[in-house]
Amino acid sequence: MSSGTVHAVDGISFDIDRGEIVGVVGESGSGKTMTALSLLRLVPEPGKISGRILFGEQDVLQMADDEIREFRGNEVAMIFQDPMTSLNPVLRVGFQVEEAMDAHRRFTRQQSRERVVPMLQRVRIPAAKERVKDFPHQFSGGMRQRAMIAMGVSNEPSLLIADEPTTALDVTVQASIIELLRDISRELRAAVILITHNMALVASLCNRVIVMYAGRIVEEGPTRAIFKNPQHPYTWSLLRSMPRVDEVAKERLISIKGVPPDLAKPPAGCKFHPRCRFRIDKCFTEEPPLGEVDPGQLARCWVLMKNIQDPESEAMR
Amino acid sequence: MSRGTLIYAAQRLVLISVTAVVVSSLVFIGIHQLPGNALASERRLNPATEQALLHHYNLDLPWPQQYVLWIQGLLHGNLGESLVNMGTQITPLLLRETTVSVTLGLAAVCVTVFVGMTLGTIAAIRQNTWVDYAASTAAVVGYSVPSFVWAFLLILLTVAPFYNWTGGTFYEDIGWGKPEQIPVPALALGLPYAAIVARLTRASMLEVIRQDYVRTAWAKGLKARIVILRHALRNALIPVISILGPLITGIITGSVVIETLFGIPGLGKEFVTSILDRDYNIVIGVFTFYAALVGLANLAVDLIYPVLDPRIRY
């Protein structure tokens, strides 16, 4: 087996306000999940986190075991991709929600116990009073994800990270889960990071979008601006690679050639240049900084899409 | 316990009784095919006395007839009378000895489960550290050393000093029944199996601690102890339980050796003594009890499953 250092995530930084939903998009392996797991210091072995991970003023890496434990699920809660495997099969659903509250000092034992049913009702689990005693295998996929959300928000965290919360669910269930996430973030005034590769979901739900590629943020900005005027060729290609219902099929879909780079041997210069249709010589040698292209919109590119006359035909060449 | 479980247990109990009857019949038939008769090894008897004795035990009848009589007795819970000690009823004797063996066996199972699971869990959460290597080495050694060797080692280490202090053998001379006599033979009986359980628990734990729900437990901010014991170990034990059945069988049959070595008046010792004495009635009785014990132990293990894993229902 070969070993080597893979910088899965490098120099990520962004702001998020209470009540705001930020979408983090990118291909598989672009470091979305790693960013979220690092924030909770849950990167699986043999992964290592170095440098600093700041949440507000607190450095997550400097926390003692007790502090990080108190931080997890209390300050920052996380909802995972696959609700079928994310709940413990041998413990009752209600107990697993109660336990999340019991782990922290926000509520007394008594309060935790009394809050379980209301929490399940809040995430719209029907007949919550009876189902609180059910085991996960007696729940459907959508219900399990609801229970996960109940568990996540039970301590009223200031940040909720949802890692592809609907990927494993039926399309019909996806919509209701997304609706639930939006409502609950409003009610609790929690900040939400939505990790996904579903652009449609981002468009309908998020205030802001962060686009990641090879462990870096390549573009960031308000959702409208990103969808209307993507400046990074990667964002542009991502958006051009999906069909849109609201536009007549006037354009051909454009695919992004190649695969994401092997992060054990990242390319020099811009990490996207091997797959970029608009690269210039500078892209091969120098990595561009994340610079402001419009108020509130940042992109990591030497070229920028606004400087390209006719990207469609250029891309078709 | 749910209704389904009770029905399931009842069915299994019927099957166990059938098995015990079949086993005892096979032994009965087998033993009566041996040359000579039960009194052959006795010193030369007066022919009239011998005839009277044979008649007393129905041994003068053709064996199919003896079998019918014997089965009738068995169905009434009567295993007959000892050939060597005339007048000793076998059923109460074996019941008494079974309590001794079951006590020892349960203690051995506790050793196995406790030592095995602790070692396995520690090895798993300290994977690839010296703790893991030490635990794994101990497991290989424990497994490779048969229980009678453990018995001798433990006797040398613990019982031998007692022997000098008490001026006699530790177990036979002071009798059996004191709680402090249980741990040493239980260790000898349980340790080799503890090694198996340790290796299985380690493998199972390593798989479970990578599961999504364990990550969820960490992400909730639970204490490490709760994550490991409540979330990981409970799930890791489900596959471990499945070897407890064959393992308990091993412990039960292993008790034959251990009880003889330690002089413990249990079923295992009776097994050896009765064969040496050619006390055929007792031999058949012991086999019958063993068959039932193995069946009951496996049933008990199967009844643990639904307790550990709510997805399993009978």
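Tutor: Start with burial: a residue is buried if 20 or more other C-beta atoms lie within 10 Å of its own, exposed if 12 or fewer, and partly exposed in between, with C-beta atoms placed from the backbone. This is a predicted model, in which local features need pLDDT of at least 70, side-chain atom pairs count only at pLDDT 80 or more, and totals for chains, interfaces and linings use all residues. Residues are numbered from 1 along each chain as its sequence is written, while chains are lettered from A and ligands numbered from 1 in the order in which they are written.

Take A:Pro165. It sits in the loop between strand 5 and helix 8 (171–188) of chain A. Helices (H or I, at least four residues) and strands (E, at least two) are DSSP runs, numbered from the N terminus. A:Pro165 counts as buried because 27 other C-beta atoms lie within 10 Å. Leaving aside residues up to four places away in sequence, A:Pro165 touches A:Ile79, A:Gln145, A:Ile177 and A:Leu181. Contact here requires C-beta atoms, placed from the backbone, within 7 Å. A:Gln145 is 20 residues from A:Pro165 in sequence, yet their C-alpha atoms are 7.5 Å apart.

A:Glu164 belongs to this loop between strand 5 and helix 8 too. A:Glu164 is buried, since it has 20 C-beta neighbours inside 10 Å. Its backbone deserves a check. Most residues other than glycine have a negative phi. A:Glu164 is not a glycine, but its phi is positive, about 45°. A:Ala214 also has a positive phi, near 50°. That alanine lies in the loop between strand 7 and strand 8 (216–222) of chain A. A:Ala214 is buried as well, because 24 other C-beta atoms lie within 10 Å.

Strands 5 and 7 lead on to helix 1 (residues 32–39) of chain A. Eight of the eight residues of this helix are buried. Among them are A:Lys32, A:Met34 and A:Leu37. The buried residues pack against strands 1 (21–25), 2 (54–55), 4 (76–79), 5 (159–163), 6 (191–195) and 7 (208–213) of chain A. After the helix comes A:Arg41, with a positive phi near 55°.

Now zoom out. Chain A is assigned domain 1 (21–206) and domain 2 (230–316), with bounds from an automatic or database domain assignment. Their centres, over C-alpha atoms, are 32 Å apart. Four residues from domain 1 and four residues from domain 2 make the contact. On the domain 1 side, one is nonpolar, two are polar and one is charged. Nonpolar means Ala, Val, Leu, Ile, Met, Phe, Trp, Tyr, Cys or Pro; charged means Asp, Glu, Lys or Arg; the others, Gly among them, are polar.

Between chains, 19 residues of chain B are in contact with 23 residues of chain A. On the chain B side, the elements giving two or more residues are helix 9 (212–219) and helix 10 (224–262). Helix 9 gives the most, with seven residues. By class, this side of chain B holds seven nonpolar, five polar and seven charged residues.

Notes. Contact = placed C-beta atoms within 7 Å.
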